[in-house]
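Have the sequence and the 3D view open as you read.

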Amino acid sequence: MTIDLPSTPAPAEAVIQPVDFGAILTPPMGGALQRINRLGNRYQATFTMRPMRYEPHGRIWAARLARAQTEGGRMRFLQPGFAPGNPGSPVVDGSGQLGSALALRGLTPGYYIREGQAFSVERGGRHSLLVAAEGVTANSSGKASVPLTQMIRTLLYDGDTCHFVQPMIEGLLTGDAISWALRPGRITEGFSFTITEIV
């Protein structure tokens, strides 16, 4: 069971990195470079937590991270200063979609999905993070085809829930997740960890 990591206190820093399974082929005789794109590109995020009081925040963070290291973790994907507005109740519109665009329905008519806006698709309780490559407006029926920065990498089904207001990144944890320091004044610091998406 994936562990939901606390939403407070907020991280001091988050470093986002696409995990790229493609490659650039360099010809040995000076020909043109070639880019080979492969399915499976995903995201990872490295979070550094700010110092926090041990009671209750440090105690809870320590317990959740210890569990997440073996069970996987899920955390809110940060978009500082961004207000997603009212997207409605968007879901995937049609099963088995492939490529670099995702058809959605259930959006608020006229809702504008912005370039770079993140959202997650939940399937079977697991989130996959996606990012809009271009701005697109939902039509009068609440439908939109959203261009994506990464190709669809997992099988999605009609009606899978899309989270625009609170997108999540979910995966396995690496880093010093269960190492922390207790400082004078009942302060806990040193939590730093990376979540890499499984799919």
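What follows goes from the whole chain down to single residues.

## Ground rules

This is a predicted model, in which local features need pLDDT of at least 70, side-chain atom pairs count only at pLDDT 80 or more, and totals for chains, interfaces and linings use all residues. Residues are numbered from 1 along each chain as its sequence is written, and side-chain values use heavy atoms, with hydrogens and water left out.

## The whole chain

The protein chain has 1 helix and 19 strands. Both kinds of element are DSSP runs numbered from the N terminus: H or I over at least four residues for helices, E over at least two for strands. Its C-alpha atoms fill a box of roughly 55 × 55 × 30 Å, taken along the principal axes. Of the 199 residues, 38% are buried. Here buried means under 20% relative accessible area, exposed means over 50%, and partly exposed is what lies in between (1.4 Å probe, protein chains only).

Take the contacts (heavy atoms within 4.5 Å) between residues at least 6 apart in sequence: 71% of them join residues at least 24 apart. The accessible surface comes to about 10,400 Å², and carbon and sulfur atoms account for 54% of that; the areas come from the Shrake-Rupley method with a 1.4 Å probe, and for residues only the protein chains shown count as cover. As for charge, the mean positions of the 18 positive and 15 negative charges are 4 Å apart. Lys and Arg count as positive, Asp and Glu as negative, with His and the chain ends not counted. Each charge is placed at NZ of Lys, CZ of Arg, CG of Asp or CD of Glu.

## The six-stranded sheet

An open sheet of 6 strands runs in the order β1-β7-β16-β19-β5-β2, with mixed pairing. At its edges are β1 (3-4) and β2, each pairing on one side only. Two strands pair if DSSP finds at least two bridges between them.

Look at β5 (residues 42-49): 6 of its 8 residues are buried, so the strand is largely enclosed by the rest of the structure. On one flank, strand β2 (residues 11-19) pairs with β5 in the antiparallel sense over 8 bridges, and Val-15 stands opposite Thr-46. Strand β19 (residues 192-197) also runs antiparallel to β5, joined by 5 bridges, with Gln-44 opposite Thr-196. Elsewhere in the sheet, strand β7 (residues 73-76) and strand β16 (residues 168-174) make an antiparallel pair over 4 bridges. There you'll find Arg-74 opposite Glu-170.

## A cluster of rings

The structure holds 5 aromatic pairs. Rings of Phe, Tyr and Trp (its six-membered ring) pair if their centres lie within 6.5 Å; planes under 30 degrees apart count as stacked, over 60 as edge-to-face and the rest as tilted. One of the pairs is Phe-47 with Phe-193, tilted, at 5.5 Å centre to centre and 35 degrees between the planes. This pair links distant parts of the chain: Phe-47 sits in strand β5 and Phe-193 in strand β19, 146 residues apart.

Trp-61 and Phe-193 have ring centres 6.1 Å apart and planes at 40 degrees, so that pair is tilted too. Trp-61 is in helix α1 (residues 54-71), 132 residues away from Phe-193 in strand β19. Ring pairs link Phe-47, Trp-61 and Phe-193 into a cluster. Phe-47 and Phe-193 are buried, and Trp-61 is buried as well.

## The three-stranded sheet

Another open sheet has 3 strands in the order β6-β18-β17, with antiparallel pairing. β6 (52-53) and β17 (181-183) stand at the edges with a single partner strand each, so one side of each has no neighbour in the sheet. β6 and strand β18 (residues 187-189) pair over 2 bridges, and Arg-53 stands opposite Ile-187.

## Two glycines in loops

Gly-72 is in the loop between α1 and β7, and counts as buried at 3% relative accessibility. Setting aside residues up to four places away in sequence, Gly-72 touches Thr-2, Ile-3, Arg-67, Gly-171, Leu-172 and Leu-173. Gly-72 and Glu-170 are 98 residues apart in sequence and 7.4 Å apart in space, C-alpha to C-alpha.

Gly-185 lies in the loop between β17 and β18. Is Gly-185 buried or partly exposed? At 47% relative accessibility, Gly-185 counts as partly exposed. Between Gly-185 and Arg-53 there are 132 residues in sequence numbering but 8.1 Å in space, C-alpha to C-alpha.
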